[in-house]
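This report walks through selected features of a two-chain assembly. Please keep the sequence and the model in view while reading.

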Amino acid sequence: RQRTMTDHKTSKEQKYDRQLRLWGDHGQEALENAHVCLINATATGTEILKNLVLPGIGAFTIVDGHKVSGEDVGNNFFLTSSSIGKNRAQAATELLQELNSDVSGNFVEEVSVNVNILYFFHRFSLVIGVQLPESTCLRLGSVLWDAGVTFLVCRTYGLIGYMRLIVKEHTVIESHPDNALEDLRLDQPFTELKHHIESYNLDSMEKKVRLIIDIIVVAKYLEKWYSEHNSQLPKNYKEKEAFRQLIREGILTNENGKPEDEENFEEAIKNVNTTLNPTKVPSATEDIFNAEQCENITSQSPSFWVMAQGVRDFVRNEGNGKLPVRGTIPDMIADSDKFIKLQNVYRDKAMKDAAVVSKHVEALLQSVGKPPESISEEEIKLFCKSAAFLRVVRCRSLAEEYSMDTFNKDEITSCMDSTDSEMVLYLMLHSVDRFYQQHSRYPGVYNYQVEEDINNLKLCVNSLLQEYSLNVNVKDDYIHEFCRYGAAEPHTVAAFLGGSAAQEAIKIITHQFVPFNNTFLYNAMSQTSATFQL
Amino acid sequence: MNLLLFSLFREKKRRRIEELNENMVVDGGNGDRSDWQGRWDHVKKFLERAGPFTHPDFEPSTESLQFLLDTCKILVIGAGGLGCELLKDLALSGFRHIHVVDMDTIDISNLNRQFLFRPKDVGRPKAEVAADFVNDRVLGCNVVPHFKKIQDLDETFYRQFHIVVCGLDSVVARRWMNGMLLSLLIYEDGVLDPSSIIPLIDGGTEGFKGNARVILPGMTACIDCTLELYPPQINFPMCTIASMPRLPEHCVEYVRMLLWPKEKPFGDGVALDGDDPKHIQWVYQKSLDRAAEFSITEVTYRLTQGVVKRIIPAVASTNAVIAAACATEVFKIATSAYVPLNNYLVFNDVDGLYTYTFEAERKENCSACSQVPQDLQFLPSAKLQEVLDYLTENASLQMKSPAITTTLDGKNKTLYLQTVASIEERTRPNLSKTLKELGLVDGQELAVADVTTPQTVLFKLNFIS
């Protein structure tokens, strides 16, 4: 039997089994085709890479011109004392490579000024910049933005972790939402579903035979409700209770006048809230339909947008304002035969809808001179199934974040209404960068510097706030604390960021799950975090 | 709470340093031979400098680093996804005296995240390989492995540690650890002696979700106080498995629970071993057959194995985050550098990154930590079976296989015990007897033992009418 050939699991499948259950074989493939660049193999950097090497990233390249110091070895699992004095990129590559022989590890001591920087970075799926001074971030950020290469900035500063994602546009088909609503269409049943519901006649069924399915029960009673309520769904708690009562009254009573034990009726009553959600296009999907990229399809358009227009056209025509049917239903207590029949009603409709979308997509491709096979049936089916969960993430450039004209004054000011908001950490990081620019060092690195640097750092804070006309209060405590940190990179904070950043990188590479947008701050003192869109 | 914490550690530190001096330790002392210039610079900034957010009693000093390096003893439970991360995090934060307990051996599916292990280590004990790796990589670190179940170690063992940090994958084991640390608490005239408290840091992960919590046994919410946060595993109803399968999972459960015991494919008394590919292959083939009967199409080998082994998906990144948060707390508590997490952190990075921090509350009548005798209310005509069911099904108790004993006519009597076959057989008839028939009276004290706790739990039987 053919079965046995596909049963043999490769050792890679066994090794990666636990993560394949999260992002599937296609996600793993994307990971294995990716090449990530890390700038600076500090503890934060190597922790990030470790969490990419272990799941099997295709390749990594570390760019780092620093020599390994005693301090470096102290907080970095991928450096040993025997590497003190050696190039840090090389030393770290050896011990990271050793984690997984499937991965190809490379290092570059520095990107020579003679090399075209754009050319160098273009080969990477993602560039991760760690512990970079502000000026370097901005310069590199500008190059990568123009080249269309995604850039993830990470920083551990004392007990604070910081991440900034810069990508012009990142599309996600498989966002895998935690609590997705089902697509049952009970409020507006499609023809085939209507017919199927009609094939059941509740009143003529005896108790034994009535073990049907709770959503059929809901559908039947919804018909009754519609006839009395102008085809409007029960809207509030009161109406839903009334609807539940309607179902309750339908429960057969036995000879003694006591209600029979009817499991499906009970389940129907319990699940009213989830089965009666109105069918509509979610706002995130609407936004995608209305986006410029969806409207103007060219031969350069990524398949995401081509399919988006295909679905949009479906919604506006054959779909009558509704997305293609998803095709899945939740499990419910029911006779196998009846359940499978019902499941097939949804599955068949989903296939039909996807076929219509396919036609739209084909026509689109042809209109821009591309062969219809450029987008496969599989891709279109997946897109249709995920239509309610599509997401697009657009991050502003660093230039926009920093520019006097476009920085997000409102967000910063309103967050700072609460003086212990993580936003103060963001302002402090900017301030220490200013300090670095002025003094060529970070504040409080040596014990004797701490006291005097507090005043100097305060000047930097004030000049920052003044320059940006930010009328906010930065407590002295934070200024003192950031001097106290002395730009330390404690391992546990680096490790927290290492896990966080690696997962965001995996999201970018696999296009599954949704990346953050766009600034993440972690405070290890309070074990709290926040995400800002700056 | 925090003042007590710090004084607890100061006291312990002082005593241990005295002990060390008394024993006239000959070797190294500060471990200087394995330290190089700048090694602990990243850590020292938090120990030698005053700051505005430190614990109120924190005093900057050079002694704290020495305490971490020479004296502080940490116990890590589990050398798996969280355990490997914890060992690395602690070693690079200055902790040198670390013990690690794990009863498992290394499997190939561990290698995507348990980074202290390599393909050549498959089959070897996790605790031992992990310890070797860390001791080799981090000079001066002394991780001591214990290839054992946590239940194989006793009070004397656990009492030696300053802090216990758990990276377990089982609620039962967590509860046992929780119970063990509770049993070490010393009460004098009803007042808790703070020096008997061993803080417990507990981490858990599942896919892209995780949590980290700080427990001060006897003072803050314990594992059992918040048992409802771990809802009991949902199993499919028998009628679905036996006669109305609809999902591929139902087909696999049918083979596992009904077909395997009937057909005994690998011999009499041979249990289904989820780690044996031949067993899984058999289950897979039979599941396909079952599925075909009912027109169910999505049975795969991966799904089959997932159902049989109750596999929880796992990645390196989530374990890295949660272990790091736990290790940060260990550091805070050991050094009083900062006020520890109070007391529960939730993390989820499916959509962006989400964290939520809250204070879990102690349960007034917690069966593990409240010291309040637990009430049982039953009719005298209720059968012992009903009591057993209550102990296992109640959401706040969730016992696994409770053994019930009591004192009758001045003698200790076992009413029911499951875990020893001969005693189970002897006491089984008691289950269908009424409480009255068994000679139990109103106010009767029942002592219940279970795998979820190292100590017996006392219950008081109240007869209702």
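Predicted model: local features only at pLDDT ≥ 70, side-chain atom pairs only at ≥ 80, totals over all residues.

β12(B) pairs with two other strands of chain B, as the following two sentences set out. With strand β14, residues 445-450, β12(B) pairs in the antiparallel sense over four bridges, and in this pairing I404(B) stands opposite V448(B). With strand β13, residues 411-416, β12(B) also runs antiparallel, here joined by five bridges, and the residue of β13(B) that stands opposite I404(B) is Y416(B). The hairpin of β12(B) and β13(B) has two residues between the strands, and in this hairpin D409(B) takes a positive phi near 55°.

Chain A has 24 helices and ten strands, and its C-alpha atoms fill a box of roughly 90 × 55 × 45 Å along the principal axes. Of the 534 residues of chain A, 57% count as buried. Among the contacts in chain A with a separation of 6 or more, 70% are made by residues 24 or more positions apart.

How many residues of chain A are in contact with chain B? The contact involves 91 residues of chain A and 86 residues of chain B. Together the two chains bury about 7500 Å² between them, of which 57% lies on carbon and sulfur atoms. R18(A), F77(A) and R484(A) supply 13% of the area that chain A buries against chain B, which is more than any other three residues.

One residue that reaches across to chain B is R21(A), which touches R302(B), Q305(B), G306(B), I311(B) and P313(B), residues up to four places away in sequence not being counted. R21(A) is found in helix α3 of chain A, residues 17-32. R21(A) counts as partly exposed because its relative accessible area of 24% falls between the limits of 20% for buried and 50% for exposed. The C-alpha atoms of R21(A) and E169(A), which are 148 residues apart along the chain, are separated by 27 Å.

The second largest pocket has a volume of about 950 Å³. Of the 32 residues that line this pocket, those closest to its centre are E71(A), Y442(A), G486(A), A487(A) and H42(B). At least two residues of the lining come from each of α5 (70-75) and β5 (150-157) of chain A and α2 (41-44) of chain B. By class, the lining has nine nonpolar, eleven polar and twelve charged residues.

Some backbone details in the loops also deserve a look.

|---|---|---|
| N517(A) to N518(A), cis | near -5° | between α24 (491-510) and β9 (519-523) of chain A |
| N342(B) to N343(B), cis | near -5° | between α12 (316-335) and β9 (344-348) of chain B |

Two residues of chain A other than glycine have positive phi values, near 50° for N320(A) and about 50° for S469(A). N320(A) is found in the loop between α16 (303-316) and α17 (336-367) of chain A, whereas S469(A) lies in the loop between α22 (450-467) and α23 (476-485) of that chain. N320(A) is exposed, with a relative accessible area of 61%, while S469(A) is partly exposed, with a relative accessible area of 46%.

Notes:
Residues numbered from 1 in each chain as written. Chains lettered and ligands numbered in written order. Heavy atoms only, no water. 1 Å grid on protein atoms, 1.4 Å probe; cavity = no way out; pocket = protein on both sides within 12 Å on 5 of 7 lines; lining within 4 Å. Points joined across faces, edges and corners; volume = space filled by probe spheres on them. Nonpolar A, V, L, I, M, F, W, Y, C, P; charged D, E, K, R; others polar. Pairing = 2+ DSSP bridges. Contact = heavy atoms within 4.5 Å. Buried area = accessible area lost by both parts, 1.4 Å probe. Buried < 20%, exposed > 50% of the residue type's maximum accessible area, 1.4 Å probe, protein only.
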